[in-house]
Amino acid sequence: MTNAIARFELRYHLKQPLFYILTALFFLLTFSAVTSDAVVIGGGVGNVNRNAPFVIMQFLLVMSVFGVLTTTAFVANAVHRDFELGTDALFFSSPIRLWQYLVGRFLGSFAVGVMVYLGVVLAIMIGSLMPWIDKERLGPFALKPYVFSLFFIVVPTLFLIGAIFFSVAALTRSMMATYSSVVAFFVLYFVSRALMRDIENERIVSVLDPFGVSSFFLATRYWTVFQKNTQILPMGGPFLLNRILWVAIGLLVLGITLWKFDPTKSFRAPKSARNLGGGEPAPLPDSSPSARLGMTQTFGRAASLRQYLATTRIETKAVIKSIPFVIIVLLGVFNIWGNSVAVGRAFGTPLYPVTAVMVRVINNAFALFAVIIAAFYAGDLVFRERTLRLNEVTDAMPVPTWVLWAAKLTALAIISAISIAVAMLTTLTIQTAKGFHHYELGVYGKGLVLEIAPIVLLLAGLAFTLQILLNNKYLGFFGMLLYVVLDSALPALNLEHRLYSFASTPPGDYSDMNGWGHFVIPRLVFFTYWMLFTAMLIVAGHLFWVRGTDAAFRQRVRAARARLSGPAAAALAFCLLAFVATGCYIYYNTNVLNEYRTTKDSERRQADAEKKYKKFQGLPQPRITAVKADVDLDPERRALDIRGVYTIVNKTAKPIADVHVTYNSDLAVADVTIPGAKIRSDDKQAGYRMYTLAQPLAPGATLPMSFHMRYAARGFVNGQSNTNVVENGTFINNFGYFPHLGYNEHIELEDRNKRRKYGLAPIERMKPQSDLQARMNNQISREADWIDLDTTVSTSPDQIALAPGYLQRTWTANGRRYFHYKTTSPILAFWSYLSARYAVKRDTWSPLPSGEGGRRPGEGHESGEKLRPSSAASPHLLPEGEGPVAIEIYYDPKHPYNVDRMIYAVKKSLDYYTRNFSPYQHKQVRILEFPRYSTFAQSFPNTIPFSEGIGFIADLRDKEQIDYVFYVTAHEVAHQWWAHQVIGGNVQGATMLVETMAQYSALMVMEKEYGREKMEKFLRYELDRYLRDRGDELVKEMPLSQVENQPYIHYRKGSLVMYALRDYIGEERVNAALRKFIRDHAFSGPPYTTAGELVRDFREVTPPEYQSVVTDLFEGIVLYDNQTREATATKRADGKYVVKLTVASTKLRSDAKGEEKPVPIDDWIDIGVFAAGKKENLGKPLFMEKRHITKPIESFEIVVSEKPARAGIDPYHKLIDRNPKDNTKSL
Amino acid sequence: MSLELRIDDLSKTYPNGVRALQNVTLTVPTGMFGLLGPNGAGKSTLMRTVATLQEADSGSITLNGLDVLREKDEVRKILGYLPQEFGVYPRVSAEDLLDHFAILKGVHKRSERKEVVAALLHRTNLYDVRKQKLGTFSGGMRQRFGIAQALLGNPRLIIVDEPTAGLDPGERVRFHNLLAEIGENVVVILSTHIVEDVSDLCSKMAIISFGRVLVEGDPAQAMQAIEGKIWQRVIPKEQLATYQQEHAVISTRLVAGKTVVHVFADERPDASFEPVPVSLEDVYFSTLHKAA
């Protein structure tokens, strides 16, 4: 019987359109995600095969979350249907048992819910057969991942969802209650996730996630490309537990429903149908009704207006009081709260909740909710009367048609505005709660008006008119969905102009320094354009608004024709004209004043340039030895003008006849003059110009090359506008705006898939260290070695302009402010200009131990290091009269929070680096804030631009947090050594010399300041990011010493490697090697040094037993899985404790693709015993020693004199271990 | 001024092919007009068309020269309409919604509106529950609310579609009284399939079936026309089919568990049949029987 009912149910749903609509939707979504990069489901596919098992699992996993809506639609219908149609009595009076009825209905509808996912499966299978898919990115077909995902990911999740909402539907018999509970479910889900974010035990969190999303990503977060392409999630661990737990809960819920279900309770029973109107008729008044009910009716414009206002009021109130509105807004509020906790966090340290950040939080965390509210209530409002069957009453009222829809549209706008206001109140509350009282209501107002409100309103207008025109609530929703999908697919079709992307505006971010800068005008213009478009849609909505009961298309057309008269026609004509005019204005700006170029156009241009000019890559060219430049910045007009001279020298052994100059083709002027040289060819599109010299330049001979470059912004652009030259906070470097010598490989396409598409040979990311030719260039510049810079920069009188070098003179002329900078020691050919309205804070560092907290030499160093201190670095490196160093912080007056911290960090850094590496080559360290259009800090000679988005607004009030302002500052100051003193050749491993050494230097300064415990916290982040990011590797993972500019290696792994090396051989030995390395290579080249040479220096100071450690750390990709299996402690008679430990160690070697092989273990690894610590932290070490581990499982017996609490192997996880949490165990 | 609604040659075919109205011609004078017909006869289509909610394919409707099909806005100003099925905003109180409808009906003076709303709530015996949310109303209460809203304004054309469905007998009586009172000066069209409603209230009536007008006129006259032609007999249930073959059985009903048939015949069919006084119901059923 149950079977028959289930089959009946299944057949029923298969006859309904909903099943096909949903399956088609799932198919389309997945198909787009598989066949293009325009649609993304749960994180990009990256470089993994498009049909990789991981992709299949991820797609089905993410789509199963949507099951909350789709499956509920089926299972809820299965119970509601009978009650709604009144057929319940038929069923419950028949001999079917109640449980058979319920179980049958559930199974049938649940099965339909699962079948929708065949759309996803088919989409991946068919999608990967499409001819335009790169064959290189397809793995072999395998059925197993599909079967696995369906049965272990989709089915359990849908079963749980189905069980819950089937039960809610059966027990409440109310569609409203069912859908409200769906929303409540989501709210609970997101709230619980937000609350559990801080729980350290990810395993518990992941088991409790009903969708299994957390447990899936916990299990796969460190997967490499190889694993993603080949492996299925192993059944076990938290994932298995998760699945079992939730299926069990689903069964339990169903059981309760079977027990509690009461078929006699009728559907939608009136809540309190007190029939007060009872039998006895009230005495009838004897006056005639017309006399009694006499009233004056007025009609006309004023009356219509009153009707409009009254209707708006009642519509608005109805929405505000409705449950979904309240729930979605609450959901959004929670999401804001969660986001405000997470936003901009670096190493766990939050940002100050400045208004700019809060506006961004609203944009990221709430705008979508506002749009969902608008889209949902557009359908609700348009069809409200029809759903309630009140339309015949209201449509027959003496009300103009426009009042009927305009009131609804206004109500929609009002609720959108209310939801946004609630969002703003939420962030204001968050600011207050965080003790931040600098409320900038102006910034809020502008932010909401420029970034959020118009977009929400436009989409509300679109949703509203779609509902009217399509005249079916679900088609209306589907129409919105289709719009979203199509709009996001446009770029893939090479259609990027915003003239046809509804409600879009050119991108542009707020910066505290620059405000909304030049983004305001394009935004307002585009909003006007789309508002006019929406106005036309609304007029169309008016024409096709259904009034009465006749909704046949023919009839609607007839009605529309009748309504298209007078005001409606005039409005339509006006909006159309204004729309076209605005469109023309936009076109003039984006396509006439500026060049409109799609991503594909740009790529093709890059590919063409490479094809034409790559052959000149090795052509010997003169090199720049000195730069003299006058740079005039015009911030108000976003323009700059450069006139300068390079001194160019033939450093080769042969005469040079041709000089190739490359320049930014977007510049308005790019004139270059070389005495006696003729232009042989000039490719303005590629920015490639060839000169033939009158006489070949003899070896060692010099020429002046003068140039005039000019950039000026014109109007506004369709895409990303120039954010380097802005009104307040200009930050440019020489790469973009100065001319260059020789072929510029930076223009090459890097993405290997794109290269294939344009017929370009695979790129060699970096040359090997054995390539001496490549080592003739340093990592920074291919056109110069060490240069002198002499530059004068002018700007607006209220701004300060800066460039590397020392300020020689500053003056004012012609209403402009001039600054002349000059270097006194050679620098790399990498310099910058900044200009803004700065506040300045100054301080001085003296090389002698300073009074304020500076440690004396030796103090803070680890004891037990027996190496003698090295002799001073070679004297020629000492700047004349090594003395105090001036510290200057140039910052926005709004951001004074961490300026002192930066100064302090600079001092501490200088202390450590001068003492342990070499003297500082400059007399000054300057940190300069720049707008948050980019979020990084970068080190130029004596000059460190630092984004307002990271250090300046970091909230360091909680001393428990990692002070990354200190860290970043120390890292950037370290670059004055690692890059600006020693630079490697442009070969593999180059960034290890620059970035890894800066990381190490910063780690040491930090450790002295904050102690070891903080370092562990920091290194845990580094470990996690290394393991995560290596999974996204596009080409191949390199060992550290051959790193090919891969940030996860040179920063993240670099930190771990250097910290481990320091641990094995001691800080003093490491620093001795570094000192020697600087002594040997500072300010030298070409040929430039390599990471291999540094590793050799490390080996020299490393004792024989740790030589293999150096190999593993620098020359291999080695991972460990260390684990403490057993740990017990017993108290001895003498009061001491015996700790018995059994530890397991596995050592794995990975190849470049992430395929791992176990190798025999033969390593020195820490064994430690600890006293009780606070929370999950380890306490005081009672025993800590490196033990030689040679077997997979080893046991130790250790005697300690205090009461131990925890013990284990590699307790500080200095080794790379995917699961460092099981390294220690409680005793 | 006496009003007259003329429906002339009105036809309507739905996109699915259903011919809801076929050349309907009716004259509705001031007073109560009953529109009788079985379910699906086209009553509601006709009512909605008069109530400006539906277009006709051909034909015309005029109210004292006012073109109902074209000048909808003017019609709505004098229209009171109670549709057959209707819902309410569940979270609004009766008083507030009626007040809102009063605004839509053009009653803008607040004091006047208050008075009118209170009066109507009294009339429909909803005054005591005026603060209650409409979502909690029973079917009868909701129906009475519908009547109240239809009487808002000064409707001179009142269209009520199945108004007494769901009312208990007492409510029905009161509703009839109310309608009769109003019907003195305005046009009231009452669509129903309950013959009694018409016989109680209406001075004019029409019977429509399958979109056609079968009978139009005065109920009394219609009854007179078949006087002496209706015969009744109690029969065993099994023989119903035989009787239906042999006689023009216009209606069958159970009286105290026995099957009673009414037969239309000019002469007494046989002695077992006895004559009965004609009711409007007999008119109704004999008309439908003839048309079938």
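Tutor: Start with what touching means here: two residues are in contact if their C-beta atoms, placed from the backbone, lie within 7 Å. Leaving out residues up to four places away in sequence, A:Tyr222 touches A:Leu1027, A:Arg1028, A:Gly1031 and A:Arg1218. Before going on, a word on the model: it is predicted, so local features need pLDDT of at least 70 and side-chain atom pairs count only at pLDDT 80 or more, while totals for chains, interfaces and linings use all residues. Residues are numbered from 1 along each chain as its sequence is written, and chains are lettered from A and ligands numbered from 1 in the order in which they are written.

Back to our tyrosine. You'll find A:Tyr222 in the loop between helix 10 (213–220) and helix 11 (225–230) of chain A; helices (H or I, at least four residues) and strands (E, at least two) are DSSP runs, numbered from the N terminus. A:Tyr222 counts as partly exposed because it has 19 C-beta neighbours inside 10 Å. The cut-offs are these: 20 or more other C-beta atoms within 10 Å of a residue's own make it buried, 12 or fewer make it exposed, and partly exposed is in between.

Chain A has 35 helices and 27 strands, and 45% of its 1227 residues count as buried. Its C-alpha atoms fill a box of roughly 120 × 90 × 60 Å along the principal axes. Among contacts in chain A with a separation of 6 or more, 77% are between residues 24 or more positions apart.

Elsewhere in chain A, have a look at an open sheet where 4 strands line up in the order 16-17-18-19, with mixed pairing; two strands pair if DSSP finds at least two bridges between them. Strand 16 (839–845) and strand 19 (943–947) of chain A stand at the edges with a single partner strand each, so one side of each has no neighbour in the sheet. The twist averages 15° from one strand to the next. Strand 16 and strand 17 (residues 885–891) of chain A run antiparallel and are joined by 7 bridges; one bridge partner of A:Trp845 in strand 17 is A:Val885. Helix 29 (residues 899–916) of chain A packs on this sheet, touching strand 16, strand 17 and strand 18 (924–930), and its direction makes about 150° with that of strand 17. Axes are lines fitted to C-alpha atoms, for helices over the stretch in contact, and angles run from 0 to 180 degrees between N-to-C directions.

Most peptide bonds are trans. The bond joining A:Gly1085 and A:Pro1086 is cis, with omega about -5°, and the bond from A:Pro1086 to A:Pro1087 is cis too, with omega near -10°. A:Pro1086 sits in the loop between helix 33 (1067–1081) and helix 34 (1091–1100) of chain A, and A:Pro1087 is found in the loop between helix 33 and helix 34 as well.
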